[in-house]
Amino acid sequence: KRIAYAVSFGCIEYPQEILDKLKPLLQSFDAISVREQTGTAIVRKIPNCSARVVCDPTVLPGTHFYTDLLKTTKNNGYSVTIYVLRHKPSELSRFAKLCAEFIGGSTKVIESGFLSMEDWLGMIYYSKLYITNSFHGMMLCLRLHRNFAVVLEKGILSGMNDRFLTVLSQVNLENHIINDLSEIEAKRICCSDINWKYVEEKITEMRKSGLEFLDNVLGDGHE
């Protein structure tokens with residue numbers, strides 16, 4: 001079987017000429033699932049195609065999968081970590097320092113580049129606040145119960161934001177999106193409590209839905 005699991009288009013609308021080229025390719029799949037709501041609308045534009053929203057693959061393993069990887073890591077000593085992709089992190093440095101004043105400790109800017117899975121997990125786990133525009137960085141904060149702040153894209157890249165918004169709405173944490181770089185916003189982010197019990201309940205629901213999708217399409221069921 002040919003199955004697409006939790007794919008992301010990275011935009012909210014595809015040009016028709018590209019959809020025309022995608023038509024025979026998408027129609028060749030037995031089942032398609034996406035990780036954001038807008039992805040379902042894109043797939044539905046292809047005749048005889050539909051998609052279901054499922055959780056990101058980082059949700060499928062149990063927590064022990066990640067905690068086992070953390071066993072070889074060490075505390076990096078930084079309370080606020082910045083990890084951003086595609087952009088210079090310098091503009092966030094002042095905001096991070098403001099956050100560090102509220103929660104105590106120092107800041108660390110991580111340039112995007114190669115990190116081992118263990119180092120990346122350790123960077124997230126030992127931070128009191130993780131500032132990022134990385135979708136999977138946010139997902140791992142949810143899995144490891146770490147406070148985070150999301151930097152959304154602007155302009156032509158804003159179509160990438162829906163994957164964040166879909167998950168944040170599910171766990172009721174839209175208030176962890178950074179609206180501006182002011183001192184008031186830094187305080188708001190640092191003082192925003194997270195109901196981890198509620199988050200885990202939603203993660204469990206997401207995992208169940210994702211596994212049901214896989215069970216159906218890999219077995220005799222159909223989506």
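## Ground rules

This is a predicted model, in which local features need pLDDT of at least 70 and side-chain atom pairs count only at pLDDT 80 or more, while totals for chains, interfaces and linings use all residues. Residues are numbered from 1 along each chain as its sequence is written, and side-chain values use heavy atoms, with hydrogens and water left out.

Helices (H or I, at least four residues) and strands (E, at least two) are DSSP runs, numbered from the N terminus. Two strands pair if DSSP finds at least two bridges between them. For accessibility, buried means under 20% relative accessible area, exposed over 50%, and partly exposed in between (1.4 Å probe, protein chains only).

## The open sheet

Strands β1, β2 and β3 make an open sheet of 3 strands, in the order β1-β2-β3 and with parallel pairing. β1 (3-7) and β3 (52-53) are the edge strands; each has a single partner strand, so one side of each lacks a neighbour in the sheet. Strand β2 (residues 31-34) runs parallel to β3 and is joined to it by 2 bridges. Val34 stands opposite Val53 in β3.

β4 runs parallel to strand β5 (residues 107-110), with 4 bridges joining them; here Val80 has Thr107 of β5 as its bridge partner. β4 also pairs with β6 in the parallel sense, again over 4 bridges, and Tyr83 stands opposite Thr132 in β6.

What covers the picture for β6 itself? Both of its faces are covered, with Leu129 and Ile131 on one side and Tyr130 and Thr132 on the other, all of them buried.

Which residues of helix α8 (residues 183-190) are buried? They are Glu185, Ala186, Ile189 and Cys190. These residues cover an arc of only 130° around the axis, which puts them on the same side of α8; the arc is that of the directions from the helix axis to the C-beta atoms. The buried residues of α8 pack against α4 (90-103), β6 (129-132) and β7 (148-150), where contact means heavy atoms within 4.5 Å.

## Cysteines

The structure holds 0 disulfides, a disulfide being a pair of cysteine sulfur atoms within 2.5 Å. Cys141 is in no disulfide, and the nearest cysteine sulfur, that of Cys99, is 13 Å away. Cys141 is buried, with a relative accessible area of 0%. For Cys191, the closest cysteine sulfur belongs to Cys190 and is 6.5 Å away, too far for a bond.

## Aromatic rings and charges

A pair of aromatic rings is described by the distance of the centres and the angle of the planes. Rings of Phe, Tyr and Trp (its six-membered ring) pair if their centres lie within 6.5 Å; planes under 30 degrees apart count as stacked, over 60 as edge-to-face and the rest as tilted. A search of the whole structure finds 6 aromatic pairs. One of them joins Phe9 and Tyr14 edge-to-face, at 5.3 Å centre to centre and 80° between the planes. Phe9 counts as buried at 18% relative accessibility, whereas Tyr14, at 23%, counts as partly exposed. Phe65 and Tyr66 form an edge-to-face pair too, with 5.1 Å centre to centre and 90° between the planes. Here Phe65 is partly exposed at 43%, and Tyr66 is buried at 4%.

Two arginines also meet rings. A charge sits over a ring if NZ of Lys or CZ of Arg is within 6 Å of the ring centre and within 35 degrees of the ring normal. The charged end of Arg2 sits over the ring of Phe29, 5.8 Å from its centre, and Arg146 lies over the face of Tyr125, at 4.1 Å from the ring centre.

## Positive phi

Ala6 is not a glycine, yet its phi is positive, about 50°. Ala6 lies in strand β1 and is buried, with a relative accessible area of 1%. Asn172, also not a glycine, has a positive phi of about 60°. Asn172 lies in the loop between α7 (162-170) and α8 and is exposed, with a relative accessible area of 51%.
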